[in-house]
Amino acid sequence: MIGAGIVGVAIALRLQQEGRDVLLVDRERVAAQASRVNAGALAFSDILPLASPGILRKAPRWLLDPLGPLAIRPRYLPQLAPWLIRFWRASWRDRLEASTAAQAAMMDLSAAETPLMLAGAGAADMLRSDGVLHLYESEAELRASQPGWQARADHGIAFTHLHDPQAIAELQPGLSPALVAATFVPGWKTVTDPLRMVEVLAHSFEQRGGRLRRADAVALVPGVEGIAVQLRDGRSLVARRVVVAAGAWSHHLARTLNESIPLETERGYNTTLPVGAFDLKRQLTFGGHGFVVTPLACGVRVGGAVEFAGLDAPPNFARSAVLLAKAKRFMPALRTEGGSEWMGFRPSLPDSLPAIGPSVADPRVVYAFGHGHLGLTQSAATARLVADIVSGRAPQLDLAPFRPQRFGSARMRPPPPRHHGETA
Ligand SMILES: Cc1cc2nc3c(=O)[nH]c(=O)nc-3n(C[C@H](O)[C@H](O)[C@H](O)COP(=O)(O)OP(=O)(O)OC[C@H]3O[C@@H](n4cnc5c(N)ncnc54)[C@H](O)[C@@H]3O)c2cc1C
């Protein structure tokens, strides 16, 4: 297993529970990257791909504001262009409907598997079941989101629209009167602390005999005895199966098998304010401004936004500050001092679906990455599906929409060379 984010840890734990001998490696530590400080949502109703007519309508306005909810660093645009073309193609009606149906199936599995995963690790109390409140500044904004709600209704998701401030105040007091409408989704859940959750799962994995090691994987080399994972320090590990769950860096490893998978990073920002910064009853989302506010055991987390700038550019924390100022506008009693800022790399594919499935170069390598905004939400389901693949069981859902090679850019490698030191 490569990558000890929420996806890798969930898979490692599942495989360990099924009796496999698992070594989980990470070049840093458990939850070093995107899984560390995310918004903690189990967004089971979030079945609509980002590439949708709604987002494409809002994008030009958002892009005009350099600190707005969506930004592209100009220097990064040439590198991003092929991904953006695929993103645009993913928003066409035929693809959109197919992706929405696949995402809905993935969410049903996620909603079923997540409580089981947490309970299995003794962490059932980390689940909060108080739903989410999506907030709007006008009835027109709610009306504009109607096609999305219709799609959710078509997939059996329950929600209630609220049209007056009094009804909203019953679910969340203390909001600005500028928020005139809302949608309450009771089936959405959150976790009390996303970092703690990964740590608890990793601890459970180790307690069951799983091994966790620091190692920086640079290449995968198929051989007769197994897959050699070459490490930066020159050593290599050989395993019968390898699962790549290295978040936004996973495509670098796929490339060493001559497979090109269009993974991008949607960078996101947030600020975690101290406990008591606001009397928050449940998670709130502000879709018109691209941010969410979450009650956590470690404080109140305010953040979101999408920035395309690649894996190397330094963070621009002015983004976190802007989101905090917006939150203050809508939550006047929010105490904005004493927060800590963070930026994370969402691993994203153009159609918002993850890549789950075997490598075409060698089926002993299984890919599990690209969960974008939903890696925490879909970690338990991904673990279930990877365990199905590894065990040769029929998967819990049709994996065709999640094929890592669905963008058509995978190339078969000529017969693999034998790795150094192998006995054949
Ligand atoms: C601001 C923000 C808010 C978010 N909110 C939510 C939310 O509310 N709900 C939700 O479901 N999702 C949310 N997400 C998305 C979610 O955080 C990600 O989808 C998820 O964390 C991805 O998990 P991962 O395990 O795939 O990747 P990561 O957590 O990034 O883990 C990858 C791991 O692989 C390791 N690694 C990388 N390359 C190598 C290598 N070569 N060798 C060894 N190790 C390697 C890294 O060190 C890292 O630990 C949010 C993201 C952001 C940025």
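Mentor: The side chains of Asp130 and Arg128 are joined by a polar contact of 2.8 Å. A polar contact is a pair of N or O atoms within 3.5 Å; within protein, one must be able to donate a hydrogen and the other to accept it, and residues adjacent in sequence count only if both atoms are side-chain atoms. This is a predicted model, where local features need pLDDT of at least 70 and side-chain atom pairs count only at pLDDT 80 or more, while totals for chains, interfaces and linings use all residues. Residues are numbered from 1 along each chain as its sequence is written, and side-chain values use heavy atoms, with hydrogens and water left out.

Trainee: Where is Asp130 found?
Mentor: Asp130 is in the loop between strands E4 (127–128) and E5 (132–136). Strands (E, at least two residues) and helices (H or I, at least four) are DSSP runs, numbered from the N terminus.

Trainee: And what does Asp130 touch, not counting residues up to four places away in sequence?
Mentor: Phe184, Thr190, Lys281 and Arg282, with contact meaning heavy atoms within 4.5 Å.

Trainee: Switching to the ligand: how many residues surround it?
Mentor: There are 36, and the closest are Asp26, Ser35, Ala217, Gly372 and Thr377.

Trainee: Which ligand atom does the backbone of Ala217 lie 2.8 Å from?
Mentor: A nitrogen atom. For Leu376, a backbone N or O atom is 3.0 Å from a ligand oxygen atom.

Trainee: Last topic: at what angle do H4 and H11 pack?
Mentor: Helix H4 (residues 93–120) and helix H11 (residues 379–391) pack at about 95 degrees, with axes 7 Å apart. Axes are lines fitted to C-alpha atoms, for helices over the stretch in contact, and angles run from 0 to 180 degrees between N-to-C directions.

Definitions and conventions
Near = heavy atom within 4 Å.
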